[in-house]
Amino acid sequence: MKQASPVTLTNARLVTPEGVRESSLRMEGGRIGSIGWDQGEGETVDAKGKLLAPGLVDLGVFAVDKPAFHFGGITRAALMPDQSPPLDLPSRVSYISKSGKPDFWVHPLAAATRGLEGREIAEIALMREAGARGIATGRKWISDSGVMLRLLQYAAMLDMPVITHAEDAALVGDAVATAGEYATRRGLPSAPAEAEAIAIARDLALADMAGARIHFRQVTTRAGLAMIRVAKAQGQQVTAGVTPAHFMLSDLATADFRTFARLSPPLRSEDDRQAVREAIADGTIDVVSSGHDPRGPEDKRLPFADAEPGMAGAETLLAMVLALVLDDVIDLPRAFELVATNPAKLLGVEAGALVEGYEADLALIDPDKPWIIQSARMAATAGNTPFDGQPTQGRVLALWKGGVPVDL
Amino acid sequence: MTRSDTSPHAARYPAGAQAFPHRDLLGIGQLERHEILFLLDEAEQWVDLNRQRTKHVDALAGLTIINAFFENSTRTLLSFEIAGKRLGADVVNMHAATSSVKKGETLIDTAITLNAMRADAIVIRHGSSGATGLIADKVDCPVLNAGDGQHEHPTQALLDALALRHALRERGENGDDFTGRTIVICGDILHSRVARSNLLCLQALGATVRLCAPPALMPTGIEIMGAEVFHDFDAALEGADVVMMLRLQTERMSGQFIPSAREYHHLYGLTKARLDKAGDDTLVMHPGPMNRGVEIDSEVADMIDRSIITRQVEMGVAIRMACLDVLTRRGRGVEGWGDAA
């Protein structure tokens, strides 16, 4: 569905890269026509002083779960190749890239290796033709350094970013928790947090050799973040992401073996949580994504170690990032850089910012509206949120995809 | 039939149900010191009974106890079965192979099924940490943890404490609690729920606990739980009152944790020579099953005056009788323990 006629949103607080300003925004032909000019013909919508921000671009989700994404103000998502079957063939990429249209766009991430097994490089160039916007190693790290180097070289040639999972596979083994007091008290198989920094160190070195762009989907430890910081200072093309779980929660949340807090990578120590918040503040972390991975009782109503990792995060992403604004960790423009502008840049799409000529993917937000996160009442296909019962604030009032309003 | 008022230590804990206000026994970590002492004191009467020719009472007559074991076990299952039967309960053993219950909803479904059969108590062993708690959430009757993954094995820790108490008393020493005692636990600490439960229990009763294992078999951060960490067994044994040996849980190991059993024995095997260096009267314990010649030499395991390994087994039945009795009191409407549900 194309936008039929121009619409002007008046009396809005626009979150632009330059700052928040009261103005109007005109959507025309599915794009942002002009900002600060409200004299055009056609329909007008009074935003009543609410926040008008770019629709969120969610980098690295595991399911296309439209109701949850729309609830959370997400208009595009980069889908991880960990599907059944994996996104390791052009036909699958082509199919999935159209699966959300028109009111939601899915940007598939090509599986780095066939079957995501970390051995043979998949047909990445053909998958790029089919619509893949990036390459992902999947839920796992590629443990063979030779394969990883050749992958990064190939990706550099194709000018595609490689999105990797940073946990040394041999150290992690069958661990489900971070080594430390809590894992020891609960008797959970655990791996040292250093497994992350070790994986990052190798992949940074390989990416540097290959001249590739590398994105670490989740960096969750102080040591890992320190390495990203150094690599950035040296001018390497590296970006880092995280999900709200790792800046909101520590491994304390796994008390009573709550499987909704079973995540990959696992929740870390309180010191690592603080390090993630510092890294968000100082720009070391570029992207905050939901990691949306709805899991039903068949995957979660199990003993902790037997449960599948993952959380349904699409609905809470915005509220959690707005919580960082309330806590003075970041300001509003930076919040939307993290959840929209930077991921869009990484995917090479003209969206994720209120810039004239960009896709009119917009979210009208009441940043103060209080609500309580309730597992049982979520829009997602499953309510596996570690934030169940938590009061929060910030809700999407209206959403436009390509200038067309989305039913919420 | 409330027995707490006849206990020699009745003053050590509150009266009636307040002495043990928990519905389930999931771990030592949930118990207060006085609650541990209460269970130990309650077990004394069963130690006496079990030494009679007629080892039977009707306290739990008419009750159904289900032993649901999702992991292989011989001695613990037998011990719980005997305990239930000696109390007069109808005991049913459900021995599910681990592989068949690992998938999907089965564990919860099993719990719901057991609940629907109106069990009066369920004893559970499962290979995953936290599994017994998960089941306890889904059923209406008391749940006893007979070992969950690498988390807890509370009745083992209680029976160890009871065995130690008896051994100390027989020597004319104070066995009321273990204040001032140094107890070494040596072996595969990482994979051991027995070590965790014993660490908590022995510390609650006043002991200093030393844990000894090669680094790969020592859990990260265990010192935060108050343990003294050793890698040198001889150093750990110095001045020890008790040494508790654990077997290598090779079934829980993925990858190589020690170079060989021979080398392990060289560094961590309890030999007569090592025991002699520890002290003249150091007691030897082992939760079983033993791997003779690996973590413990036969010569040591069979020392009549030092090894209390068979006494541990004996106390196991008494402790489990005490736990089953206490946990079913509410349901049985025992005076002072609230009405039947």
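Chain A of this predicted model contains 13 helices and 18 strands, where helices (H or I, at least four residues) and strands (E, at least two) are DSSP runs, numbered from the N terminus. Its radius of gyration is 20 Å, close to the 22 Å that the globule rule gives for 408 residues, so chain A is as compact as a globular protein of that length. The radius of gyration is taken over C-alpha atoms, and the globule rule is 2.2 Å times the number of residues to the power 0.38. The C-alpha trace of chain A spans about 65 × 45 × 40 Å along its principal axes.

Of the 408 residues in chain A, 59% are buried; a residue is buried if 20 or more other C-beta atoms, placed from the backbone, lie within 10 Å of its own, exposed if 12 or fewer, and partly exposed in between. Of the contacts in chain A with a separation of 6 or more, 72% involve residues 24 or more positions apart, a contact being two residues whose C-beta atoms, placed from the backbone, lie within 7 Å.

Chain B comprises eleven helices and nine strands. For its 341 residues a compact globule would have a radius of gyration near 20 Å, and the value for chain B, 20 Å, agrees. A box of roughly 55 × 50 × 40 Å, taken along the principal axes, is filled by the C-alpha atoms of chain B. Buried residues account for 52% of the 341 residues in chain B. Residues at least 24 apart are joined by 74% of the chain B contacts between residues at least 6 apart in sequence.

Residues are numbered from 1 along each chain as its sequence is written, while chains are lettered from A and ligands numbered from 1 in the order in which they are written. Because the model is predicted, local features need pLDDT of at least 70 and side-chain atom pairs count only at pLDDT 80 or more, whereas totals for chains, interfaces and linings use all residues.
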